[in-house]
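Please report on the structure shown below. Cover its surface, confidence, strand pairing and nonpolar cores.

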Amino acid sequence: MSETNHKEITLKELAIKTTEWLSYLKSKWLIIILGCLFGVALGYVYATYKKPKYVAVSTFALEDANGAGGLGQMAGLASMVGIEIGTSGNGGVFQGDNLVELYKSRRMIQQALLTSSDFDGKKQLLIERYLQFNHQKDLWDKELLLNKTDFSNSNRLKLTRVQDSIVGEVVKTINNNYLTVTKPDKKLSILKVQVTTKDEQFSKVFNDEIVKNVNEFYVLTKTKKSAQNVAVLQHQTDSVKRELNGALAGMASSTDANPNANPSRQILKVPSQRRQVDAQANTAILTELVKNLEMSKLSQQKEMPLIQIIDEPVFPLTKIATTKTQGMVVGFFLGGFLFSLALLVRRGFLLMIK
């Protein structure tokens with residue numbers, strides 16, 4: 001039998017090696033204790049200078065009124081008068097994960113950032129507040145073009161190239177570090193929006209703004225088709241109503257012009273009869289249009305989603321901070337672990353080079 005190139009380690013040998021390494025660490029107890037004390041000092045300094053974070057949380061329930069049963073009945077009634085109401089609609093456009101992604105979209109976050117609010121008694125854009133408490137402009141001292149960028153007089157729909165790049169970076173950072181959107185229970189239509197930053201006022205205001213913007217966009221999108229239908233029917237109804245009023249006014253004018261018309265002259269009756277026919281036709285058309293308009297408005301109300309706020313952020317916000325005791329305890333164990341690991345690596349290296 002040929003000899004193997006490697007030697008298998010038995011459990012007994014492994015136990016002996018482990019005991020040797022532990023004995024080695026015991027012999028270096030003073031260095032490990034110094035490491036623990038060094039970790040305690042670092043933990044104390046970290047907890048002292050680390051700024052706390054403030055958490056703003058909103059939770060709300062979404063109830064989609066575009067139910068299959070009710071909408072199916074409405075579609076059946078509407079089809080009788082020539083109106084087509086799709087039963088599929090846009091019900092699934094912003095449901096579930098799609099609605100979560102809407103909150104994280106650049107459009108919604110940018111719209112919130114370019115909104116002004118009261119901070120410490122003065123109006124300020126949210127993006128300016130963000131750059132202020134993150135000391136971003138201090139980091140741009142060498143980039144004069146960035147440092148002098150001002151959003152206060154900018155058009156939110158038409159940003160400059162520099163402004164657009166800054167907003168893009170801020171949106172990316174907010175998505176990765178500050179904004180969390182979840183569904184606590186997958187079976188329920190409850191959404192939780194959480195904003196965590198180092199600025200208490202910014203956390204609350206940004207949370208309020210993005211929830212408001214997304215909910216308004218959600219409602220507008222859900223009812224867009226029905227709103228367009230209502231607008232068209234309203235325009236047609238108003239036009240026919242004006243024509244009917246004109247025909248009635250013409251009939252009255254014709255009667256006033258010939259109050260005692262000669263019965264033998266039929267030609268005098270033609271203008272009045274023509275306007276009467278127009279009035280009757282417009283009355284019939286207006287009746288149908290008004291009926292269709294009211295049904296379209298009812299359909300729009302059926303498609304209107306119900307957004308019920310459950311909880312919204314209020315001052316004082318939940319504060320997340322590392323206490324000095326926590327920092328010192330974590331530093332103690334982390335310092336001891338790192339120094340022990342360094343000693344073991346050093347000993348292993350020395351054994352290898354022998």
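## Surface and overall make-up

The chain has an accessible surface of about 23000 Å². Carbon and sulfur atoms account for 58% of that surface. The model is predicted. Of the 354 residues in the chain, 33% are buried.

The secondary structure consists of 13 helices and seven strands.

## Confidence

The average pLDDT of the chain is 79, and 76% of the residues reach at least 70. Residues 1-6 have a pLDDT below 50, and this stretch makes zero contacts in the model beyond near neighbours in sequence. Residues 67-74 also fall below 50, but that stretch has ten contacts beyond near neighbours in sequence.

## Strand pairing

Strand 5 (residues 190-197) pairs with strand 1 (residues 53-63). The two run antiparallel, over eight bridges. Strand 5 is also joined to strand 4 (residues 179-182), again antiparallel, by four bridges.

## Nonpolar cores

The largest nonpolar core contains 39 residues. Tyr103, Leu113, Ile174, Phe206 and Ile210 have the most contacts inside it. Helices and strands both contribute: strand 1, strand 4 and strand 5 are among the elements that each supply at least two residues, as are helix 4 (97-103), helix 5 (106-113), helix 6 (126-133) and helix 9 (161-178). Helix 10 gives the largest share, eight residues. In soluble globular proteins, nonpolar side chains tend to be buried together.

Ile174 shows how parts of this chain meet. Not counting residues up to four places away in sequence, Ile174 touches Ile109, Leu113, Tyr130, Leu179 and Phe206. A second, separate core has nine residues, including Leu233, Val240, Leu244 and Leu286.

Is Asn215 buried or exposed? Asn215 counts as buried because its relative accessibility is 11%, and the cut-off for buried is under 20%. The residue lies in helix 10 (residues 200-222).

Which residues does Asn215 contact, leaving aside its neighbours within four places in sequence? They are Phe60, Tyr103, Ile307 and Ile309. One of them, Tyr103, is also listed among the residues with the most contacts inside the largest nonpolar core.

Note on methods:
Residues numbered from 1 in each chain as written. Predicted model: local features only at pLDDT ≥ 70, side-chain atom pairs only at ≥ 80, totals over all residues. Heavy atoms only, no water. Buried < 20%, exposed > 50% of the residue type's maximum accessible area, 1.4 Å probe, protein only. Contact = heavy atoms within 4.5 Å. Areas by Shrake-Rupley, 256 points an atom, 1.4 Å probe, with all protein chains shown as cover. pLDDT = per-residue confidence, 0-100. Pairing = 2+ DSSP bridges. Core = buried A, V, L, I, M, F, W, Y, C linked by side-chain atoms within 4.5 Å.
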